[in-house]
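Work through the exercises below with the sequence and the 3D view open. Each task is followed by its solution, step by step.

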Amino acid sequence: MEKRAPIATLPAPVGSEPAPKQKCKCRQGLVKRLTSSVVLACLLYTAVNTLVPERLLVGKANEISPFENGCPQADVVVPSKNHGLWSNLTRQIASEDFRKQAVGWLSGAVQIPTESFDDLGPVGQDPRWEVFKPFHAYLKTAFPLVHTTLKRTEVNTYGLIYEWVATEDSFLKPILLAAHQDVVPVDTTTVDKWTHPPFSGYYDGERIWGRGSSDDKSGLIGILSAVETLLKNGFQPKRNLVLAFGFDEESSGYQGAGELSKILEEKYGKDGIALIVDEGVGFSEQYGTYLAGPGIAEKGFLNVQVEVKAPGGHSSVPPPHTSIGILSALLVHLEKNPFEVHLSRAQPMYATLQCIAEHGKDVPERFRKLIQESKESDRALKKLESVVLKDNLIKSLVGSTQAIDIVHGGVKSNALPEQAWAVVNHRISVTSSVAELKKRDVKLLAPIAHKFNLSYTAFGAQITEDGVPAHGSLVLSNLSQGGLEPAPVTPTGADAHPYRLLSGTIKATFNAYRGELDSDTSEIVVAPSMMSGNTDTKYYWNLTQHIYRYSHLNEGKGGSSLSRGIHTVNEYVEVEAWLEMIQFFVTLILNADESLEL
């Protein structure tokens, strides 16, 4: 990429006229590299989560501080009191013996199918939940020290809480490491497309293959591997450590983390946890610099059913518009009017861009200057918006979105449909709210209801005048038990000690795994980032303000979690990268144990 390429040659919208040939390379290059940077901050967990506890649901839009202060970096944080232990553990994790044992741990876990389905009934009634029994038995066998030392609590039968109690009474808040036991189901029609059978846990010398090898048994087994190794080496914590493993994250988390959160809050209280680390993406080389992107926020969601009712009858005498035709007009109107999306300084995506500009070695200079000028210039911010929002992924992360996912209508070819409905999935921007989104939908569809002379009810409120003759009815209803507000944005300012500890731990881990245990500097940059989907952390908001969605996995140059087969065929994890994740958990536990600022 030419560093001096004019800013006008940055990404063009899909479907626009091609740029002159000499500029096309720059446009495509920036789109690819900028998108890769954002993919670093984006989780591929976009399944529709419709069940959430009411206490998490309706509220006001996030009141978040602008990210205008550039991208200051925390110092490298290494254990001091336990420096000798940490150095020894670093050498152990790099050894061939540890590699063999770790491969066995994860491979064995992958070999036990723990699929969760959207239509699972309550625990105790649906026998498909019983797949978790052998998984629990495996964990007890694989990690004996964990199970003889930590207090283990089963919640709703298959949810797991482990508590590593400090050696002496401590008023220090515990840290919580989270993961989920379940995996996305394997489509039986795709089994023959897998390089290795989906539940083989096959190790080819570099990778472990199989469903869950990356999402999220790598995280769960990585945490337990770190704790087992610390126990084996005689470590005794001075700060309590809590592990929380849900079992239905892939199908809403309602019966897993939803129940775990109640027990945890009852014991530790509101804001009783120092920090939470759950699954996320890792780090990769972007613009000549390694960037790690812990997710500090998640979008909200709302599933809206759009239902039209109209008189039935024989299709040989049809009206001008059937219920299906009217529904079609409503849906077309929705898609013709997508959400207005604007980049603001109050969005985590803006913080990511600041880090790219400040620390990306190979960022085109004019693009770097534009990002930097946007901190104070509204005109530059608007120009930056016009550049970056040409990429659909970035646009989806910044703004609210809508997707028509389900449509139903009619029962017979010669009968006029008396009812037709569709489900529209919305993902809500961190600067918006459930209430704001509802208001927008109600207003947007009102002209179509008037055009077809429909009575109009939205979210329980009568919109049109009651008693006025109508040809049919339009009803908007909420299928998400109130909806989920965007997650509170995790603090990252100078006084956000948990964020500084996490950032310093990421840097120390990066150094140690490359043989630089005592370096005061690091080549990796930590950039606050954004989640497009939701994790189990949506149930943990009351436990702490400091929630991070981050998996310390090396994605390589320009890589992303999307390339590891997550939620599709040929899922795998690179063992070398996964061993570094274990190093991260070891370092985080030791650093948090010594910190007096959490």
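**Exercise 1. Is strand E11 enclosed or open to the outside, and which strands does it pair with?**

Step 1. Count the buried residues in this predicted model. In E11, 8 of the 10 residues are buried, so the strand is largely enclosed by the rest of the structure.

Step 2. Check one neighbour. E9 and E11 run antiparallel and are joined by 10 bridges. Within this pair, Asn303 has Asn425 of E11 as its bridge partner.

Step 3. Check the other neighbour. E10 and E11 are also antiparallel, with 8 bridges between them.

Step 4. Recall the general rule. Strands of a sheet pair through backbone hydrogen bonds, in a parallel or an antiparallel sense.

**Exercise 2. Give the strand order of the 6-stranded open sheet, and find its edges.**

Step 1. Read across the sheet. The order is E10-E11-E9-E14-E12-E13, and the pairing is mixed.

Step 2. Look for strands that pair on one side only. These are E10 (401-409) and E13 (461-462), the edge strands.

Step 3. Inspect the contact between E9 (residues 300-309) and E14 (residues 472-478). The two pair in the antiparallel sense over 6 bridges. Gln305 is bridged to Ser477 of E14.

**Exercise 3. Describe helix H3, then explain why Gly108 counts as buried.**

Step 1. Start with the span. H3 covers residues 96-110, 15 residues in total. From first C-alpha to last, H3 reaches 21 Å, close to the 21 Å expected at 1.5 Å a residue.

Step 2. List buried positions. They include Phe98, Arg99, Trp105 and Leu106.

Step 3. Find what those buried residues pack against. The partners are helices H2 (83-93), H4 (132-142), H6 (217-232) and H15 (575-594), plus strands E4 (207-209) and E18 (572-574).

Step 4. Zoom in on Gly108, which lies in H3. Its relative accessibility is 13%, so Gly108 counts as buried; the cut-off is under 20%.

Step 5. Compare sequence with space. Gly108 and Tyr202 are 94 residues apart in sequence, yet their C-alpha atoms are 9.5 Å apart.

Step 6. Follow one packing partner, H15. Of its 20 residues, 19 are buried, and the helix is mostly covered. H15 reaches 29 Å from its first C-alpha to its last, close to the 28 Å expected at 1.5 Å a residue.

**Exercise 4. What is the volume of the second largest cavity, and which elements line it?**

Step 1. Search the whole structure. There are 5 cavities of 30 Å³ or more.

Step 2. Identify the lining. Among the lining residues are Ala178, Asp216, Gly219, Asp278, Glu279, Tyr550 and Phe585.

Step 3. Assign the lining to elements. H6, E6 (275-286) and E17 (547-557) each give two or more residues. The largest share, 3 residues, comes from E6.

Definitions and conventions: Residues are numbered from 1 along each chain as its sequence is written. This is a predicted model: local features need pLDDT of at least 70, side-chain atom pairs count only at pLDDT 80 or more; totals for chains, interfaces and linings use all residues. Side-chain values use heavy atoms; hydrogens and water are left out. Helices (H or I, at least four residues) and strands (E, at least two) are DSSP runs, numbered from the N terminus. The expected span of a helix is 1.5 Å times one less than its number of residues. Buried means under 20% relative accessible area, exposed over 50%, partly exposed in between (1.4 Å probe, protein chains only). Contact means heavy atoms within 4.5 Å. Two strands pair if DSSP finds at least two bridges between them. On a 1 Å grid over the protein atoms alone, a cavity is a set of points where a 1.4 Å probe fits but cannot get out, and a pocket is an open set with protein on both sides within 12 Å along at least five of seven lines; lining residues have an atom within 4 Å of a point. Grid points are joined across faces, edges and corners, and a volume is the space filled by probe spheres set on the points.
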